Amino acid sequence: MMRHALPLSCSALLLAACAGSSDKYPSLAVRDVERLQGQFTPTTPDPEPIRPIVSEDQLVALVMQARDAEQRFRKASIPAMVLAGTARDQSMESSARQQALVALADLSTIRSDTAIALAELDLLRAEAKTNLAPTDRIEAAMTEVVAILEGQDGTLAGIYDGMTP
């Protein structure tokens, strides 16, 4: 019982201290000035829209880089398919197999040129998002480059499959 008496008496003393005279402190009641109603209008006009991070010319150049790599890829893929077909039944040490692997390496190098264009577009999109700039044109360019890469990946997979018995 004594254990509870000390905290209760301390609480009572603190509460009594709060109930002192209110003449020392300002009233918390709503003042006449606070009752006024009105409309707040901003003094500055609407902010200008955020300009794109990248120009249309830069986007076209990156897509053209991917398209150029795609043309080189298609030209190089025909001999690579032929070499892979001749290397199909050859041993790992055969000259035909080695030539086919070199042709596949060349195709992979050309594919990386397409991937570089996609990486640059991805960096531009990240910068645009960071600066709250529009990204729709960048993403449209990325969609086209991704489609090119997927086609190249399919071609490479088909050539690899053509080499394996």
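Reader: Okay, how many helices and strands does the protein have?

Author: The protein has 4 helices and 0 strands, and from the N terminus on the order of its elements is α-α-α-α.

Reader: And which helix has the lowest mean pLDDT, and which the highest?

Author: Helix α1, residues 2-18, has the lowest mean pLDDT among the elements, at 65, while α2 has the highest, at 93. Over the whole protein the average is 84, and 79% of the residues score at least 70. Where pLDDT is low, the predicted coordinates should not be read in detail.

Reader: What share of the residues counts as buried?

Author: Of the 165 residues in the protein, 23% count as buried. The accessible surface comes to about 12300 Å², and 61% of that surface belongs to carbon and sulfur atoms. As for contacts with a separation of 6 or more, 77% of them are between residues 24 or more positions apart.

Reader: Let's look at α4, then. Which residues in it are buried?

Author: The buried residues of α4 are Ile 138, Ala 141, Met 142, Val 145, Ile 148, Leu 149, Gln 152, Leu 156, Ile 159 and Met 163. An α-helix has 3.6 residues a turn, so residues three or four places apart point the same way.

Reader: What covers those buried residues of α4?

Author: Their cover includes α2, which is residues 56-87, and α3.

Reader: Gln 152 was in your list, so how buried is it, and what is Gln 152 in contact with?

Author: Gln 152, which is found in helix α4, counts as buried because its relative accessibility is 0%. Leaving aside neighbours within four places in sequence, Gln 152 is in contact with Ala 69, Glu 70, Phe 73, Arg 111 and Thr 114.

Reader: Changing topic, where is Leu 132, and is it buried or exposed?

Author: Leu 132 lies in the loop between α3, residues 95-130, and α4, residues 136-163. Leu 132 counts as exposed because its relative accessibility is 67%, where the cut-off for exposed is over 50%.

Reader: What about phi of Leu 132?

Author: Phi of Leu 132 is near 60 degrees, which is a positive value in a residue other than glycine.

Methods
Residues are numbered from 1 along each chain as its sequence is written. This is a predicted model: local features need pLDDT of at least 70, side-chain atom pairs count only at pLDDT 80 or more; totals for chains, interfaces and linings use all residues. Side-chain values use heavy atoms; hydrogens and water are left out. Helices (H or I, at least four residues) and strands (E, at least two) are DSSP runs, numbered from the N terminus. Buried means under 20% relative accessible area, exposed over 50%, partly exposed in between (1.4 Å probe, protein chains only). Contact means heavy atoms within 4.5 Å. Accessible areas come from the Shrake-Rupley method with a 1.4 Å probe; for residues, only the protein chains shown count as cover. pLDDT is the predictor's confidence in each residue, from 0 to 100.
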